[in-house]
Amino acid sequence: GTHSERLVTIGEIAASYGISRNHLVKVVHHLGGAGFVYTTRGKGGGVRLMARPEEINLGQVIRTTEGGFDLVECMNSSTNTCPITQMCLLQGVVCEALSAFTAVWDSYTLADILQNRAQLAQVLVPLARVRRVIRVE
C-alpha cells in the first residue's frame, strides 16, 4: 500500500519486515486468490493492490485471511462436544466480544492505516536494501 505507483517484489517486502520469503509467497498467493492483490511473475514482476486503499476494508481482509473465529469449542456446532452448551452463558459473552472485535475492524480501511504512507515508504524500502546488503556480506 505504500508504493501504489509501482509493483513491489516479494523480496523487498520480506526484507523490509524481516520475514520469511517462503512464508510471504504463500500469503501473497492467498491474498491474490482472494482478490486483494495483483501478482505478476518473472523479471519486472511483483505485487500491487487490486483496489484503492479506500476500497479495502480491514474487516473483510481479516475474515478472508483468518478463516473462522471459533474462539471456544461450542462456537462450532459440528465439532462441539461440550456437555454444558445448552445452559452455558459463556458462548453469548464470547459472541458479543467477537462481534465488537470485528465491528472495529469493519470500521477501518487500508487507507486509514496508510495516512502516513510517505513516512512508511521512506522506512521500508531503505530497510529492505540494508537487510539485503547485510545478508550478502
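**Arg117 and its neighbours**

I started with Arg117 and asked what it touches once residues up to four places away in sequence are left out. The list I got is Gly1, Thr2, Ser4 and Pro53. A reminder to myself: this is a predicted model. Arg117 sits in helix α6, which runs over 117-136. Is Arg117 buried, exposed or partly exposed? I looked up its relative accessible area and found 24%. Buried would need under 20%, so I wrote Arg117 down as partly exposed. I also checked Arg117 against Arg6: the two are 111 residues apart in sequence, and their C-alpha atoms are 14 Å apart in space.

**The whole chain**

Next I zoomed out. I counted six helices and two strands, and along the sequence they come in the order α-α-β-β-α-α-α-α. How spread out is the chain? I looked up a radius of gyration of 19 Å, while the globule rule gives 14 Å for 137 residues, so the chain is more spread out than a compact globule. The C-alpha atoms fill a box of roughly 60 × 30 × 25 Å along the principal axes.

I then checked burial, and 27% of the 137 residues count as buried. The chain exposes about 9500 Å², with carbon and sulfur atoms supplying 58% of that. For contacts with a separation of 6 or more, I noted that 59% are between residues 24 or more positions apart.

**The largest pocket**

Pockets came next. Rolling a probe the size of a water molecule over the atoms shows where empty space is left. The largest pocket came out at about 1100 Å³. I found 36 residues lining it, and the ones nearest its centre are Gly1, Tyr17, Leu31, Leu49 and Leu110. Gly1 was already in my notes as a contact of Arg117.

Which elements supply at least two residues each to this lining? My list has α1 (10-17), α2 (21-33), β2 (46-49), α3 (58-66), α5 (110-113) and α6 (117-136). The largest share is five residues, from α2. Sorted by class, the lining has 25 nonpolar, seven polar and four charged residues.

**The second largest pocket**

This one holds about 310 Å³ of space. Its lining has 14 residues, with Ile10, Val25, Thr39, Thr40 and Arg41 nearest the centre. I noted α1, α2, β1 (37-40) and β2 as each giving at least two lining residues. Here α2 has the largest share again, with four residues. By class I got four nonpolar, eight polar and two charged residues.

**Helix α1**

I went back to α1 and asked which of its residues are buried. They are Ile10, Glu12, Ala14, Ala15 and Ser16. Ile10 had already turned up among the residues nearest the centre of the second largest pocket. Just after α1, Gly18 takes a positive phi of about 65 degrees.

**Ala34**

Last entry. Where does Ala34 lie? I found it in the loop between α2 and β1. Its relative accessible area is 35%, so Ala34 goes down as partly exposed. I also looked at Ala34 and Asp70, which are 36 residues apart along the chain, and their C-alpha atoms are separated by 21 Å.

Note on methods. Residues numbered from 1 in each chain as written. Predicted model: local features only at pLDDT ≥ 70, side-chain atom pairs only at ≥ 80, totals over all residues. Heavy atoms only, no water. 1 Å grid on protein atoms, 1.4 Å probe; cavity = no way out; pocket = protein on both sides within 12 Å on 5 of 7 lines; lining within 4 Å. Points joined across faces, edges and corners; volume = space filled by probe spheres on them. Nonpolar A, V, L, I, M, F, W, Y, C, P; charged D, E, K, R; others polar. Rg over C-alpha atoms; globule rule 2.2 N^0.38 Å. Buried < 20%, exposed > 50% of the residue type's maximum accessible area, 1.4 Å probe, protein only. Contact = heavy atoms within 4.5 Å. Areas by Shrake-Rupley, 256 points an atom, 1.4 Å probe, with all protein chains shown as cover.
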